[in-house]
Each structure stands twice: as C-alpha cells, then as structure tokens.
Amino acid sequence: MLGVESASYLQADAARPGEIVDQAGNPLAADATASWTADMTAPTAAFSTIGTPRNTAVDAVDVTFSEPVLGLTAASFTLFRNATTVPLAAAVLTGGGSSYRLAGLAGATALPGVYELRILSVTGGIGTATDAVGNPVAVATATWVVDTVGPAATLQDVSSPRTAALDAVAVTFDEPVTGLDASGFRLTRDGTNVPLSGLTVTGSGAAYTLAGLAAFTAIDGSYELSLPVAGSVVKDAAGNSLARATKSVWTLDGTGPRAVFEPVASPRSSPVATLTVTFTENVGGFDLADLRLTRDGFPVPLAGAAVIGEIGSAHV
C-alpha cells in the first residue's frame, strides 16, 4: 500500500526479459526506481512547566515540538481565562525549527483565574503551523491558576464569661495554608501582653488546633487571643500571605460574688421592714429561698416576704 506511513520504494525491474519492451521489442535497458517517505503524523508540542497555583502573571512560555514546524505565529495560540478568550495583542513569538518562545503575556495573565494556553490545529487558518510535509500541529494546552488573594483565618469562639482556664482553641482557614506555628499568636490579659511559650500547633491544610494555653489563661481577666497579619509567615499554595487578622475574646471569672447587707440600726424598737442586699458583681437566680432568718438562734419563716430589685442588688 503506497499510502501507508513508511519509507516506500518502487522499482521497474529490467531483469525480467520481455516484460517491458519498446515498439521494436527492445527490453528495458536498466532498472528504474522511485522512493519517498510517507509522513502522516502530526507534530506534537510540549509547553515549559508553569508553576501553579501562583500569585504572579506568566510573561513567557517555551514550546518544544517533536519535529521542526513551519508557519507558527503568535496567532497560532489562544489564551482563555475562566473559559473566556483573552486577547494576546502584546504577544511576541521568537525561535524557529522545533523550539519557540511566546512572550509578552504578562498583561493578559495578571488577573486571578484559571488559565489555559492552547495551540489550535486549524488547517489553512491564520497561524496554522505544520511540519515540512503539511501535517498540522496537534492541539496542545498548558494550564495554570493565578491566585492573588491571601488566606483568611477564623479563631474558634470561646464561651464567656467562663470559670476555667482555656487550654486549646481551633483555627480554621478558608483555604489550605502552610507556615502556621505558635509564634504567630498573641495573647493579652486586660490589655497587657502575656508572653507565650511551650504551645503546640497541630493540624494541616485548612484546620489547626493551638494547645497549651491553660498556664497562661488561669488568672481572672479579659483575654484576647489573636493571629495578626503583621509578621505572619502563613501562606497559601500560591504564596500569598495571611490577608486578614482574627481574634477571639473572653473573660475569665473564677471568683464567686460576695453579698453585703445594708447596716441595720441595733438595738431598735421597731421591726425591719426592708433590707437591701448588694452583690460585688451581677448575679442571677437570687430569690427568697436563698435567705435564712433566725431569732434567738431559731429559724423564723419568711412567709409573706419578697425579693425585689435589680441584678446587682435587691430589697427584701
């Protein structure tokens, strides 16, 4: 089959008398041959490696073909961002043979998004590239992601007020990150910095836990635990630094309230009609059942008495 891709050879054989003769009967004087190579394989292209995800534009891409090609121009390439065509007005193609460079892409690849750079195989179209025998270049693509937005963190909400020290808190990010360690956190109590040491950070990707805080959060006060942006070494896969600080606040109150009765004149000649009780802090649940009255050491029922008043003080 002459159309099969191979090195082909066709011969007219003079060694076969009488097969090929002229009008006078003279046989073919010598062998005649024709040879050619059938090539129906499209040249393939390989793009240079493009780091992804990334937070910078791609300015140039190298392209290597499996064999020398002809007709390759900047118009042979099409760029898409999020499946929408991006004009390559500033693109410049250099090189020749089987090695080329497409440059001037920075202006077209600076915005965040999913990119695809494609060599199109359109026979006869503008920018069509072929090998030496006219086989059009096979479609080839390079893809990458540009991400210029840094990660955001959220610290777990802490119940407040609380009566026990806080030992651990969860930290979540809106995307996987690296570089998180205990040195990135700050703790204050009543506005004063609390030095931290010996803390541990466990987890990976977008979910972590900071532990070992109990020794630093056992004193009564108002606490703020934060993961500030300044000085942070947290980065996402594209190399973007932490974009938004986060904090969690709570109050530790491990001291119970104290109650103080108003002074009562004594001795006295009249009954005590009302008595004010003041607490050292706001309380809840105070009612008549919490009071005991004795006379000469013997209980006196408080039938008919009532507790009225505000959260921090009451009248009986």
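Which side chain does Glu224 meet in a salt bridge? Hold that thought for a moment, everyone.

Quick housekeeping. This is a predicted model, so to speak of local features we need pLDDT of at least 70, side-chain atom pairs count only at pLDDT 80 or more, and totals for chains, interfaces and linings use all residues. Residues are numbered from 1 along each chain as its sequence is written, and side-chain values use heavy atoms, with hydrogens and water left out.

Okay, back to Glu224. Its partner is Lys247, at 3.6 Å from N to O. By salt bridge I mean a side-chain nitrogen of Lys or Arg within 4 Å of a carboxyl oxygen of Asp or Glu. The general idea is that side chains of opposite charge can pair when their charged atoms come close. Glu224 sits in strand 18 (residues 221-227) and Lys247 in strand 20 (residues 246-252), so to say distant parts of the chain, 23 residues apart, are linked by this pair. Strands here are DSSP runs of E, at least two residues, numbered from the N terminus.

Now, buried or exposed: what is Lys247? It's exposed, with a relative accessible area of 52%, while Glu224 is partly exposed at 28%. The cut-offs are under 20% for buried, over 50% for exposed, and partly exposed in between, using a 1.4 Å probe and protein chains only.

The whole structure has 3 salt bridges. Another one joins Arg101 and Asp62 at 2.6 Å, N to O. That pair also links distant parts of the chain, with Arg101 in strand 8 and Asp62 in strand 4 (residues 61-65), 39 residues apart. Both count as partly exposed, Arg101 at 41% and Asp62 at 29%. Then there's Glu116 with Arg118, at 3.0 Å, where Arg118 is partly exposed at 24%.

Four strands form an open sheet in the order 6-5-9-10, with antiparallel pairing. Two strands count as paired if DSSP finds at least two bridges between them. Strand 6 (84-86) and strand 10 (140-146) are at the edges with a single partner strand each, so one side of each has no neighbour in the sheet. Inside, strand 5 (residues 77-81) and strand 9 (residues 113-119) pair over 5 bridges, and Arg81 stands opposite Tyr115 in strand 9.

Last stop: Leu111, in the loop between strand 8 (99-103) and strand 9. Leaving out residues up to four places away in sequence, Leu111 touches Arg81 and Val146, where contact means heavy atoms within 4.5 Å. That's me done!
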